[in-house]
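Work through the exercises below with the sequence and the 3D structure at hand. Each task is followed by a solution in steps.

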Amino acid sequence: MVQSINFVVLGKQEIASEFGKKGTESDLTLYDRKESDIIKTWVIPNGFPDKIQPLFQAINLAEYIIFHVDKLDKFTGEQIIALDSLKKEKGILSHTFDVDESKLNMMIKGTVVENYIKVEQDKIKEEMDKLEPITNNDPSELLIDHCFDVKGVGTVILGKVTNGTVKQYDNLKLYPAGIDVLIKSIQMHDDPVSESICPARVGLAVKGAKPDEVSRGDVISVEGAVDVKTEIELDFKKSPFYKSDIAENQGCLVSVGLQIKAAKFSSISPLKLTFEKPIVCKKGQVAVILKPESTTIRILGSGTIK
């Protein structure tokens, strides 16, 4: 069985080209390489820092973080806060020669990044090769990041198996739409396979859904494995770096998995968010509240879904 490991490369994103071959390219760009029976994928949020959204989507596609810091600015600060709010505890930290290590240590103090494995930049690959695949046997679930129409094939979905195993001819559901989909075929690293085990990156040819019915952040899973909601309550913690007040009916964007959805604060205490369109979520999943128009920090705060 082919295994998979997924990384996100932050800071100096260009180093991803040293690790793998470039594949899918949008505001998220993927590189991959197959080593014996392990497929390794590196995703970079190349739409960041212009937009905050790709940063959260890229981090949510990875089990492991590679953070190669090349400058100490507000965008480095945003990446540190993003990693901490998403509780991404497994990572490798390095920096370029011109970064002041003592200042970097001050920036990461008290965050998950403080506990990353610290290496010189020429040792990143060596440390990365020691990391093991992380899998589980939970009910089948796949997170979608791209979808398009292929002539002669139909709807093709690219994404990551986040739980369990997805098999050819599985009948699953596309959420939040609730559409029935049949998995016609599966590819990993351009090779056809009959099944793919979490956390595999896959290309699926599916029957039952058209590309315009599929969005980034949608989930394909067994029925009942996820919730579809238009309101959520959070165990919320506001970021100490976000200085503005929040008020009822104020608008924001919310990051849950790969979804970035518009919402309003329907209640401040307890903190409740009402969405314009339904979201796919689970109890205990982290939701991060974003204010893309903010001129300082764009991350308002985060919390787990109750």
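A salt bridge is a side-chain nitrogen of Lys or Arg within 4 Å of a carboxyl oxygen of Asp or Glu. The model is predicted, so local features need pLDDT of at least 70 and side-chain atom pairs count only at pLDDT 80 or more, while totals for chains, interfaces and linings use all residues. Residues are numbered from 1 along each chain as its sequence is written, and side-chain values use heavy atoms, with hydrogens and water left out.

**Exercise 1. Salt bridges**

Task: State how many salt bridges a search of the whole structure finds, then describe the pairs of Glu-35, Lys-130 and Glu-141.

Solution. 

Step 1. The search finds 16 salt bridges.

Step 2. Glu-35 pairs with Arg-33, at 1.9 Å from N to O. For accessibility, buried means under 20% relative accessible area, exposed over 50%, and partly exposed in between (1.4 Å probe, protein chains only). Glu-35 is at 22% and is therefore partly exposed; Arg-33 has a value of 22% and is partly exposed.

Step 3. Lys-130 bridges to Glu-127, with the closest N and O atoms 3.3 Å apart. Lys-130, at 51%, counts as exposed, whereas Glu-127, at 15%, counts as buried.

Step 4. Glu-141 meets Lys-282 at 2.7 Å, N to O. Helices (H or I, at least four residues) and strands (E, at least two) are DSSP runs, numbered from the N terminus. Glu-141 is buried at 9%, and Lys-282 is partly exposed at 28%.

Step 5. Through shared partners, salt bridges join Arg-33, Glu-35, Lys-40, Lys-125 and Asp-129 into one network.

**Exercise 2. The barrel and its helices**

Task: Give the strand order of the closed barrel and find which strands helix H1 touches.

Solution. 

Step 1. Two strands pair if DSSP finds at least two bridges between them. Strands of a sheet pair through backbone hydrogen bonds, either parallel or antiparallel.

Step 2. Six strands form the closed barrel in the order E17-E20-E19-E18-E21-E22, and the pairing is antiparallel. On average, neighbouring strands of this sheet are turned by 40° against each other, direction ignored. Axes are lines fitted to C-alpha atoms, for helices over the stretch in contact, and angles run from 0 to 180 degrees between N-to-C directions.

Step 3. Strand E17 (residues 227–238) and strand E22 (residues 299–305) run antiparallel and are joined by five bridges. Lys-237 has Ser-302 in E22 as its bridge partner.

Step 4. Contact means heavy atoms within 4.5 Å. Helix H1 (residues 53–60) packs on the sheet and touches strand E18 (251–256), strand E19 (259–267), E21 and E22; the direction of H1 makes about 20° with that of E18. Helix H2 (residues 74–85) lies across E21 and E22, at about 10° to E22.

**Exercise 3. Aromatic rings**

Task: How many aromatic pairs does the structure hold, and is the pair of Phe-7 and Trp-42 stacked or edge-to-face?

Solution. 

Step 1. Rings of Phe, Tyr and Trp (its six-membered ring) pair if their centres lie within 6.5 Å; planes under 30 degrees apart count as stacked, over 60 as edge-to-face and the rest as tilted.

Step 2. There are four aromatic pairs. Phe-7 and Trp-42 are stacked, with 5.6 Å centre to centre and 10° between the planes. Both Phe-7 and Trp-42 are buried.

Step 3. Phe-19 and Trp-42 have ring centres 5.7 Å apart and planes at 35°, so this pair is tilted.

Step 4. Ring pairs link Phe-7, Phe-19, Trp-42 and Tyr-64 into a cluster.
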